[in-house]
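User: I would like a careful look at one part of this model, followed by a connected account of how the chains meet.

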Amino acid sequence: MAEATGERRHNELACTREITAYQRAWFAEMSERARAGEPFAVLSADSPHEIYRAMDIPYVVVQWWSSLIAAKQKAPEYLRRLAEAGYPNDSEQYNSLPLGELLDNNPSDAPWGGLPRPTILQCSLSTDGMRKMFEIWADRTGATFFPLDRSVDTRLDLPANWWEELPRNWNTFLPSARLDLLTDELRDLIAMLEKTTGRSFSEEKFAEIMDLANEHAEANRSARDLIAATVPAPTTAAETMAATMIPQWHRGSTWARDAARSFAAEIKERAEAGISTHPNERIRLMWLGRGLWSSLGFYEQFAERGAVFVWSMYLGLAADGYIRYVGDSDPLRALAARFVPMGEELRMPGWSSAWHLKEALLHQIDGVISLGEDDYFSTQLLKKNGIPVLSIQADNVDRRTWSEDWIGSQIDKFIDQQVNSTTARRISGK
Amino acid sequence: MRPGDSETLDFVRSAYANPVQVADSWRTAGGKVIGILGHDAPRELVVALEMLPIRIAPLRLTRTGEPPPAAAPKSLTDELSPDTGLVLAAMLEGRLDWMDGLVICRDSETHSKLFAVLRELARIGAMRDSPPIVFYDRILSESNAAARYNRLRINELANTLSSWAGRELTRDGIAEAVSEANSTVNALRELAAARRAVPSLRGSDMLSISGAALTLPGHIMTEVLAYLATGYDGHQAPSTPGTRVFITGSPQDDPWTYQALESAGFDIVGEDHDWGEGGWSLITETPDPMDGILDGHRTTQPRAARTGVKERCYNTARMAAEARADLVIQIFFYHDQASGWEFPFLRQLLASTEIHLVQARVQYGHPDPTPLLQAVGVISSQETAIEGKPHG
């Protein structure tokens with residue numbers, strides 16, 4: 001596929017504009033601190049960010065930075081740099097783009113002046129190549145690498161309704177062996193971070209962070225529920241992606257909690273006033289899989305025909321995947337309970353399909369577009385419940401695998417051939 | 001069989017090529033067979049329960065003469081690697097009726113995915129006549145937390161295996177199985193050392209012998225290795241020594257890559273993947289044999305998947321030097337997400353030695369030697385382009 005420049009979109013909600021402006025200012029300040037010699041961590045999305053926050057160690061999330069690289073149309077160049085150095089560039093693209101940027105060694109041309117050199121790198125070992133990739137990155141930057149093990153749920157019979165059970169019953173819903181392992185590893189991580197950075201971990205601050213993260217997720221849940229229930233939707237998935245994910249990477253801060261509350265409040269105002277991004281909304285679509293960060297405007301192109309993307313996993317997971325009420329338990333164990341199942345909620349057969357169906361029904365979805373996902377079980381279950389699915393094999397940040405025209409034509413055809421009839425049934429109530 | 005007779009080697013090749021036949025014989029005699037996907041599982045526990053552990057190769061899941069498993073639904077196999085897709089297809093078709101249980105090890109995250117898929121298919125009632133499964137999760141870190149976790153998991157596995165066997169594990173039984181496993185490893189190492197001194201035994205045959213050791217009952221394997229050690233006459237040995245090759249990359253569970261290189265005149269003198277030398281680890285005989293088993297598996301050679309670059313490449317370079325290799329060939333499958341990250345560092349390590357390094361990426365289950373022969377310079381890419389040009 002040819003390299004393309006992507007379809008931009010302008011944020012519609014006041015809170016999203018404030019959120020993106022904050023992110024720029026935060027990054028500039030954080031970069032300055034990092035370049036001045038403060039510890040600076042780069043973490044995978046499934047790393048325990050809350051610990052770094054409790055120790056006042058600034059961090060950037062790999063996937064956010066990769067999505068920014070993609071949005072700035074730098075991904076093809078950075079993937080080429082990986083290949084030139086002899087590394088694979090056809091797998092792990094969402095994680096490896098920042099390494100490509102490092103190899104490019106041209107900060108003035110990189111997004112936002114480039115990612116500062118990390119002093120700490122951390123990832124959860126979720127794929128066969130993850131340890132190797134981060135180790136190479138650490139070697140080339142001089143950073144200390146802290147891998148976290150991932151355990152596997154070995155139970156043969158496990159209940160699927162994780163979104164109902166995890167917030168309050170995590171301590172019994174998840175196998176204790178897995179919680180023990182990660183809780184112990186988190187203790188080891190704290191000790192190593194204290195030793196490496198000279199900063200100390202405050203249990204009191206950490207407990208506050210856990211509360212703030214839960215309040216943040218509650219606000220996301222309110223926003224999600226309102227969007228699900230309101231027809232036409234007060235806003236679109238493309239808008240909620242940015243409005244959700246930037247605060248998510250500041251999870252546990254007062255700012256993030258308040259940003260999520262502002263977002264929920266603005267959604268509520270719009271819903272109550274009957275304001276919608278696309279008042280002609282007729283067809284409600286679900287985007288299953290990672291977002292096309294380099295082309296967020298793409299999602300709006302189907303609105304002319306009344307087809308609106310109202311769901312993405314970003315707000316959905318922010319609403320259902322993070323809340324872990326600590327109660328009388330150890331806050332560190334509650335944090336472990338947030339990360340033990342992370343990724344399984346989205347992609348483990350059984351868990352993901354049940355959740356996708358629950359969310360599709362909640363949002364009154366007429367059709368699902370799935371990009372680059374292992375979606376066999378979700379597809380089967382959604383179709384069984386009368387919701388058609390279009391599966392597209394592509395990598396969201398690798399433009400060699402897709403173009404707007406290619407995906408767009410498939411979606412148009414899908415709507416014409418499969419979704420219209422579902423919509424008609426929903427509207428007629430039959 | 002007589003010492004040194006090529007019949008012995010034929011017997012080994014047959015066991016390696018037809019594991020189902022070995023299983024059938026065992027079961028006919030009233031025994032139970034446990035299939036093992038991966039290298040991580042403690043086979044000794046299966047042996048201690050008087051069952052036969054057979055490491056399964058996805059390309060050899062059916063009886064001789066039967067067609068290989070057809071593909072499962074494409075949209076599902078697309079989510080799996082080609083090797084685990086074959087296991088899935090065999091399960092869906094009820095073709096694994098020759099085993100009484102299947103242990104899936106966490107050698108690779110593709111195995112974790114297969115387990116989750118099989119579990120969900122079972123839950124929705126899509127499996128038929130399939131053996132019971134268990135997943136053995138082993139964490140690779142050496143932290144105390146990981147050690148506690150691994151201990152718990154091995155105990156769980158032991159309980160499941162006991163229930164499949166219908167008998168209790170005993171310390172004596174485990175100790176005996178450990179002792180037998182160590183004898184096999186020592187015999188394999190001795191044979192490999194002899195092969196290196198004079199490469200009269202082909203690398204592909206050594207791969208078959210190593211694979212047979214993961215298939216045949218221990219007492220038979222002990223006898224086979226004793227025969228081979230006392231003087232295999234090497235009647236198929238190459239007349240002139242070729243370039244000495246060490247294989248790294250993805251685990252090679254089929255000899256076609258080796259055979260393609262041997263046909264081109266290369267002598268394969270070693271490998272670090274766990275279907276060959278990389279899987280020969282000794283187990284310390286400890287008062288509680290479980291301790292030794294866990295430690296033994298910890299000291300297995302680092303494989304490509306889930307390990308670090310340095311840990312793996314230093315080991316590869318050391319093993320290649322010990323094998324007095326002239327050339328290291330990294331053969332990795334398209335679905336292997338780990339090996340590719342090693343190449344630049346391994347190249348750096350070998351740069352100061354006389355050992356050359358090349359890389360070939362191949363498709364699992366499609367024995368096309370072209371990428372291999374290109375990598376070693378036997379054919380050029382230009383020749384391939386001409387050969388591959390459509391007729392007319």
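User: In which loop of chain B is Glu50(B) found?

Analyst: This is a predicted model, and in it Glu50(B) is found in the loop of chain B between α3 (43–48) and β2 (52–55). Although Glu50(B) is not a glycine, it has a positive phi of about 65°, and because its relative accessibility is 52%, where exposed means over 50%, Glu50(B) counts as exposed.

With a relative accessibility of 28%, Gln364(A) counts as partly exposed. Another loop of chain A, the one between α9 (203–229) and α10 (237–248), holds Pro232(A), and the peptide bond that leads from Val231(A) to Pro232(A) is cis, with omega near -5°.

Turning to the contact between the chains, 43 residues come from chain A and 47 residues from chain B. The area buried between them is about 3700 Å², and carbon and sulfur atoms give 58% of that area; on the side of chain A, Asp128(A), Lys132(A) and Tyr376(A) lose the most area to chain B, together 20% of what that side buries. Five salt bridges are found across this interface, and Arg361(B) forms a salt bridge with Asp90(A), their closest N and O atoms being 3.0 Å apart. The side of chain A that touches chain B divides into 16 nonpolar, 10 polar and 17 charged residues.

Conventions
Residues numbered from 1 in each chain as written. Chains lettered and ligands numbered in written order. Predicted model: local features only at pLDDT ≥ 70, side-chain atom pairs only at ≥ 80, totals over all residues. Heavy atoms only, no water. Contact = heavy atoms within 4.5 Å. Buried area = accessible area lost by both parts, 1.4 Å probe. Salt bridge = Lys/Arg side-chain N within 4 Å of Asp/Glu carboxyl O. Nonpolar A, V, L, I, M, F, W, Y, C, P; charged D, E, K, R; others polar. Helix = DSSP H or I, 4+ residues; strand = E, 2+ residues; numbered from the N terminus. Buried < 20%, exposed > 50% of the residue type's maximum accessible area, 1.4 Å probe, protein only.
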